[in-house]
Amino acid sequence: MNQDISGGLDTTRCPEIVKILSLGKRSGKLSLSNGSQSGSIFFRDGEVIHAQCGALQGAKAIYELAVWTSGEYRFSVDEMPDAVTVELSVDEILAEATNRIRQMDRVISLIPSSTIVYALDPEIKEKEIVLKSIQWKILAQIDGKKTIADIAQNTGLGVSDTMKVFYTLVKSGLLREAYPSEAESPVDMVELPETPFIKALKDDLTRAIGPVAPFIITETAREMNLDLLADDVEQKAALIETLSSKIPSETMSLKFLDSMTDWINTEDI
Amino acid sequence: MKGTIKDILKISGVHGYVLARDKTMQIKLPSKHRFAGAKKQIKLLYDDLIQARKRPGNTMEIFFEDLVLTIFTSGMTMLMVLSSTRVNLALVRMTGKLAIANLAKEKF
């Protein structure tokens, strides 16, 4: 029972390997790799004592590794960690891992890969959307260029947890898949001119509807055939008024109107 | 919130306004304005608009040859802004929306 073991994660997933090593009361290091990602789980007499996957450590790292469906694994006997980060029993770990796999299967049916790039969808169907702070954290990172994996790395969340948040955002209708041309090149449509008016417009609209604001401004100006650089009060007022009608919350819409009416009156008239 | 009727009146091209709620109506227009004596017709318009509860939106614009009526409604309150056709209508709508939101909160 002392020899190293190895294989593919497409046939044997991480929880099964953990179960086998636990039943065999093994000690050593289970290394897993999946493309550019890698992780490891350490065992002492069949108990899991430490795990690492990217920036994640402990049980969170195991749950991240548990959902991998491709890649390689290798178990090296008697390799011990410097730290102990897991204090759960193998049964507890496996129960939660099974739960995570079940959730992940549902996520993958909608988001098949962490290499997908999403962009904000300006066509919001719901009148009002309530976001959790974790959803906002992810939403603030979405720029039509970064993959889910990139965002997971930036936010310090695991890829699977990030995918779960993406799942909820896609389900809410806030995101759409970015087209390859959008993903490859900078998203020109969210690069707004740096005039005082546009800056005020962007700041106030961002307060009202969040990071999608620059996109909405560009799209609205395009729909209305307006030149964002034109110094025309009528055009500015028309843009403000149309944008205010796109704010789902009436209170926020009035706040936006209030602030921008003030701006127009003091700066332009 | 700063949107008031006074702010609307400051907009160049605005002639005046009509404010109506229930049976009360306040008309502020130059005495020679052709709508200054049109209380009865405005009342009929008010009754029609307020009764039509399923009407989408709360801002209407009625264009005449030489003037525009911009009407804002909220609940039982109606604010009608009368202006020239050369007025910055978007600015009227912006300020009017704020004003009607404030008026709807007030007691007459």
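This is a predicted model: local features need pLDDT of at least 70, side-chain atom pairs count only at pLDDT 80 or more; totals for chains, interfaces and linings use all residues.
**Ground rules.** I count residues from 1 along each chain as its sequence is written, with chains lettered from A and ligands numbered from 1 in the order in which they are written. Local features need pLDDT of at least 70 and side-chain atom pairs count only at pLDDT 80 or more, while totals for chains, interfaces and linings use all residues.

**Chain B, elements.** I looked up the helices and strands, which are DSSP runs numbered from the N terminus (helices H or I, at least four residues; strands E, at least two). Chain B has 3 helices and 5 strands. Along the sequence I read α-β-β-α-β-β-β-α.

**Chain B, sheet.** I took two strands as paired if DSSP finds at least two bridges between them. In what order do the 5 strands of chain B lie? I found an open sheet, β2-β1-β5-β4-β3, with antiparallel pairing. β2 (24–28) and β3 (59–63) of chain B are the edge strands, each pairing on one side only. From one strand to the next, the twist averages 15°. Angles run from 0 to 180 degrees between N-to-C directions; axes are lines fitted to C-alpha atoms, for helices over the stretch in contact.

I then checked one pair. Strands β4 (residues 67–74) and β5 (residues 77–84) of chain B run antiparallel and are joined by 8 bridges. Phe72(B) has Leu79(B) in β5(B) as its bridge partner.

**Chain B, helix on sheet.** Contact here means C-beta atoms, placed from the backbone, within 7 Å. Which strands does helix α3 (residues 89–105) of chain B touch? I found β1 (14–21), β3, β4 and β5 of chain B. The direction of α3 makes about 30° with that of β4(B).

**Chain B, totals.** Of the 108 residues in chain B, 34% are buried (20 or more other C-beta atoms within 10 Å of a residue's own, placed from the backbone). Among contacts with a separation of 6 or more in chain B, 54% link residues 24 or more positions apart.

**Chain A, helix pair.** I looked at α8 (residues 196–209) and α9 (residues 213–223) of chain A. Their axes come within 8 Å and cross at roughly 120°. Leu201(A) and Leu205(A) are among the α8(A) residues that meet α9(A), where Ile216(A) and Ile217(A) are among the partners. I counted Ala, Val, Leu, Ile, Met, Phe, Trp, Tyr, Cys and Pro as nonpolar, Asp, Glu, Lys and Arg as charged, and the others, Gly among them, as polar.

**Interface.** Chain B gives 12 residues to the contact and chain A gives 12. On the chain B side I noted 6 nonpolar, 3 polar and 3 charged.

Terms used: Two residues are in contact if their C-beta atoms, placed from the backbone, lie within 7 Å. A residue is buried if 20 or more other C-beta atoms lie within 10 Å of its own, exposed if 12 or fewer, and partly exposed in between; C-beta atoms are placed from the backbone.
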